[in-house]
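Here is a short report on one protein chain.

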Amino acid sequence: MSRYTSATPDDRAEMLAVIGVSSVDELFEQIPGPLRLGRPLELPAGMSEAEVYERLAGLAARNADAEAEVTFLGAGMYDHYVPAIVDAITSRSEFLTPYTPYQPEISQGGLQVMFEFQTAMSELTGLPVSNAGLYEGPSSVASAGYLAMGATKRRKFVVSRGVHPHSRETLATYSVGYGAEVVEVGLAGGVTDAAALAAAVDGETAAVILQSPNFLGAVEDVEALGAAAKEHGALLVVACDPMTLGILKPPGECGADIALGEGQPLGNRLDFGGPSFGFFCSTEAQIRRMPGRIAGETEDVDGRRGFVLALQTREQHIRREKATNNICTAQALNALGAMVHLAWLGREGFRDLGELLVRRTAYARERLAAVDGVELLHDAPVVREFAVRLDAPVDRVLDRVAEHGIAAGYALGREYSEYDDALLVAITERRTREQIDALAEALGAAVAEGRGEKLPDSGSKSPQGATERVVA
């Protein structure tokens, strides 16, 4: 017995007697023998609280993070600066509630945040309706597929391979339960193959799903690609990076019926991959099929401004046969961080940030393309992320560059076998010209080494010091 396992042998014997069995083995005898372990668990000896802390701290120190190295990693999660006001506001009591965020008893502060968040996302995407947020980007894509099935009474999704791999995998998993077919369309020149997309869309297609900028960083011609969806009566779903919406034409103005995405870049740190939040916007025609919940503005009996949960399409809130989604809540605190970040930036600041990303990405793209052994994967327009081919094994190059305290980017071969020699490089406002120059220098040396050429002296380590990198 310990402070963490309080049941004594006598306690367990008493519980078994009440159940009517003589032993734990008898309790589980209905489970086939081959499925039972048949021996005690091989657990290490117990440790004190201080020993556990030291052990966990040592394991955590093995991780490389965005504060310990200069990171050009992206692929859906980005190292943006989070202003101090985000933590200051999100920790205030006005935005806390003793109830879960899908209950009507949620605090007025929480409801107001939902309402303001919806307004902001609607303005960014150019669509009239937004929900109060979802779990993250990939499940938002899967939810859009289910909505499209209900709206069109069809069971086929045509998805560009430029959509984030995690979103495509999530859609495919959900589609097994939906009884839907998923057809993927390849890329040409870094963007969706328009001819292949048009050939794949037919009268059985519920939705055409695109991403712009896509996973390779390329800006898609959403209007042109969406024409096939409109011709056959399918919904057009566009996943988008919210940080690009200050300078790109909003999805709603490009004909999208649904715009959604991963919200992490807004007011949320990397945090080793989560939590984050998803956003989901649509036309008014789809409002009653939207997942999650929608906060509305109203007045109380004294005429004071107030907020309520206006719509939830979940079976606990409407007639079960009318339910369109089982999502009951979301990462509301993360969405609050996004709202604070957007308010801090303002309209002009948000646009200026987008323009800064374009300028720095253009510089980085030109700088890396000039490195011997490095060439652009495509020449399509980009905003904050781009792909290059390396004339050397990508994993070896990444390891070599990491010795300089730099995470050079994401190996595209992990998700795209046709791009096993390619690297995806992401730029944020935290990446300076000097850091980009350092990446180019380290990348050139690493590629030369990978090709068997004489390697220059690696020079000094990063100012942050060396860190053991653990890559999942």
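## Salt bridges between the domains

This is a predicted model. Arg-347 and Glu-123 pair through their side chains in a salt bridge, with N and O 3.1 Å apart.

Polar contacts were counted too. Between domain 1 and domain 2 there are 9 residue pairs in polar contact. On the side of domain 1 that touches domain 2, helix 10 (332-369) and strand 14 (385-390) each supply at least two residues. Helix 10 gives the most, with 8 residues. By class, that side of domain 1 has 19 nonpolar, 3 polar and 7 charged residues.

Domain 1 covers 70-78 + 347-450, and domain 2 covers 85-340. Their centres, taken over C-alpha atoms, are 28 Å apart.

Contact involves 29 residues of domain 1 and 35 residues of domain 2. Together the domains bury about 2300 Å², with 64% of it on carbon and sulfur atoms. In domain 1, the residues that lose the most area to domain 2 are Met-77, Phe-350 and Tyr-416. Together these three make up 28% of what that side buries.

The whole structure holds 24 salt bridges. Arg-430 forms one with Asp-79, and their closest N and O atoms are 2.8 Å apart. Arg-430 lies in the loop between strand 17 (422-426) and helix 12 (433-450), while Asp-79 lies in the loop between strand 1 (70-71) and helix 4 (84-90), so this pair ties together parts that are 351 residues apart in sequence. Arg-430 is partly exposed, at 26% relative accessible area. Asp-79 counts as buried, at 5% relative accessibility.

Asp-79 also meets Arg-431 in a salt bridge, at 2.9 Å from N to O. Arg-431 lies in the loop between strand 17 and helix 12, so its pairing with Asp-79 ties together parts 352 residues apart in sequence. Both Arg-431 and Asp-79 are buried. Salt bridges link Glu-67, Asp-79, Arg-430 and Arg-431 in a network.

## Another pair

How exposed is Arg-304? Arg-304 is exposed, with a relative accessible area of 54%. Arg-304 forms a salt bridge with Asp-300, and the closest N and O atoms are 2.7 Å apart. Asp-300 is partly exposed, at 30% relative accessible area.

Technical notes. Residues are numbered from 1 along each chain as its sequence is written. This is a predicted model: local features need pLDDT of at least 70, side-chain atom pairs count only at pLDDT 80 or more; totals for chains, interfaces and linings use all residues. Side-chain values use heavy atoms; hydrogens and water are left out. Domain bounds come from an automatic or database domain assignment. Contact means heavy atoms within 4.5 Å. Buried area is the accessible area (1.4 Å probe) that two parts lose on being put together, summed over both. A salt bridge is a side-chain nitrogen of Lys or Arg within 4 Å of a carboxyl oxygen of Asp or Glu. A polar contact is a pair of N or O atoms within 3.5 Å; within protein, one must be able to donate a hydrogen and the other to accept it, and residues adjacent in sequence count only if both atoms are side-chain atoms. Helices (H or I, at least four residues) and strands (E, at least two) are DSSP runs, numbered from the N terminus. Ala, Val, Leu, Ile, Met, Phe, Trp, Tyr, Cys and Pro count as nonpolar, Asp, Glu, Lys and Arg as charged, and the others, Gly among them, as polar. Buried means under 20% relative accessible area, exposed over 50%, partly exposed in between (1.4 Å probe, protein chains only).
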